[in-house]
Amino acid sequence: MTALRLAADWVVTMDGAPLRGGAVVVDAAGRIAAVEPGTAPEAPPGPPARQTVLLPGLVNAHTHLELTGLGGTVTEDDFVAWIGHLIRLLGERDRAEYLAAARQGIRDNWAIGVTTVADCGATGTVIEALAELGASGIAYHEVFGPDPAAADAQLAAWQARLAELRRFEGPRVRLGASPHAPYSVSAPLYRRAAAHARAEGLPLAVHIAETPLEDDLLLRGAGGFAERLRARGLALAPAGVGPLALLEREEVLGPDLLAIHCCTASGEDLDRLARHGAAVAHCPRSNRRHHGLAAPIGAMLASGLRVGVGTDSEASVHPLDLRAEARAARELAGLDAQEALALITLGAARAIGLGDEVGALVTGRWADLVAVAIPASETPEQVYEAVLTVGEVEATWVGGREVHRRSA
């Protein structure tokens with residue numbers, strides 16, 4: 001049964017060449033029933049007209065939607081000071097404010113053409129908002145605890161919270177697990193959290209190799225993170241290995257892991273990630289803002305890693321703009337426009353383990369689409385370029401349901 005038919009001047013499937021004058025047919029279940037080729041319309045006389053492009057809804061490979069509304073409020077250049085300021089601000093929010101922020105973050109992503117998010121958060125409000133709004137995504141629930149002596153208690157509390165949050169799961173909403181980062185999670189907690197996540201069938205996400213401060217902490221017991229921990233009364237012995245080697249040692253790496261940032265990943269680290277089948281999410285503008293660093297995206301792709309691009313949070317970069325992130329990744333890796341778009345569509349979907357469900361306009365997948373207006377284009381290459389650089393989001397659909405339309 002056909003529920004909807006959307007036609008456009010171009011249909012960019014990300015699974016083949018763009019179709020001129022094509023259409024996407026959506027069934028009553030919200031999945032793609034057919035992608036119909038068309039014929040090139042005759043160009044009207046006069047100045048070039050604008051054209052509409054249908055493409056897969058974008059996939060934001062890393063967000064913190066419960067931080068929505070904090071754009072421009074945390075301005076420190078020093079990353080450790082920035083984290084401290086952010087923690088103080090978050091302590092001033094109650095649960096209702098976190099939930100309102102998560103809802104707004106989802107709507108803001110719809111407005112920029114994003115239909116699926118991979119979110120990390122500690123409040124549980126994002127998975128609730130995803131379920132409530134009929135949205136699509138993975139909500140990785142974070143666990144913290146740098147003190148090895150407290151690992152069992154921290155694990156038990158986190159396990160209980162994960163069990164509570166599973167009630168929000170559904171066909172489009174999945175719960176995930178996130179042992180946060182090397183400066184906030186002890187080695188024993190890493191190992192036990194990853195083991196629990198896998199026993200429960202939950203995908204994993206970890207902030208890792210984001211800054212050289214992690215190497216200072218793990219290899220030398222020095223630097224800003226070490227000083228912050230000592231100020232809390234934690235004088236921890238160095239781990240003796242770097243961030244990604246630590247994850248390997250504690251059996252966190254695997255095909256179900258999304259390694260977030262990876263700015264300082266070496267060639268050996270990329271081999272390590274590839275050997276375990278892990279994926280990477282990188283946020284170019286956020287990492288440039290905080291650290292002046294960028295992940296070696298070209299080398300990651302060349303090594304066969306699954307790579308997606310994300311926005312990070314509004315507290316890091318405001319306003320959110322996933323296509324700007326893809327353009328930044330394009331510059332870093334020397335990609336063409338089609339390859340850059342893949343980092344926020346099919347490539348990102350594969351990175352978060354949803355490559356069979358979203359990220360491409362293919363029969364049977366969810367009918368998540370975005371309509372983008374571009375200057376009149378005559379070739380697929382021009383279409384990709386225009387969508388990436390100057391296109392304006394006109395409308396967004398999740399499972400065939402319109403969730404955003406640009407005001408006139």
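Student: Phe 79 and Trp 82: buried or exposed?
Tutor: Phe 79 is buried, and Trp 82 is too. Buried means under 20% relative accessible area, exposed over 50%, partly exposed in between (1.4 Å probe, protein chains only).

Student: What sort of model is this?
Tutor: This is a predicted model, where local features need pLDDT of at least 70 and side-chain atom pairs count only at pLDDT 80 or more, while totals for chains, interfaces and linings use all residues. Residues are numbered from 1 along each chain as its sequence is written, and side-chain values use heavy atoms, leaving out hydrogens and water.

Student: How many aromatic pairs are there?
Tutor: Three aromatic pairs. Rings of Phe, Tyr and Trp (its six-membered ring) pair if their centres lie within 6.5 Å; planes under 30 degrees apart are stacked, over 60 edge-to-face, the rest tilted. One of the pairs is Phe 79 with Trp 82, stacked at 5.7 Å centre to centre with 15° between the planes.

Student: Where do Phe 79 and Trp 82 sit?
Tutor: In helix H1, residues 79-90. They are about one helical turn apart, because three residues separate their positions there. Helices (H or I, at least four residues) and strands (E, at least two) are DSSP runs, numbered from the N terminus.

Student: And Tyr 183, which ring does that pair with?
Tutor: Phe 225. That pair is stacked as well, 4.0 Å centre to centre and 15° between the planes. It links distant parts of the chain, 42 residues apart. Tyr 183 is in the loop between strand S10 (173-179) and helix H5 (187-199), and Phe 225 is in helix H7 (residues 223-231).

Student: How buried are those two?
Tutor: Tyr 183 has a relative accessible area of 11%, so it is buried. Phe 225 is buried at 3%. Ring pairs join Phe 79, Trp 82, Tyr 183 and Phe 225 into a cluster.

Student: What do the buried residues of H7 pack against?
Tutor: H1 and helix H6 (212-220). Contact here means heavy atoms within 4.5 Å. The buried residues of H7 are Gly 224, Phe 225, Ala 226 and Leu 229.

Student: New topic. How many disulfides?
Tutor: Zero in the whole structure. A disulfide is a pair of cysteine sulfur atoms within 2.5 Å.

Student: What about Cys 283?
Tutor: The closest cysteine sulfur to that of Cys 283 is in Cys 263, at 8.6 Å, too far for a bond.
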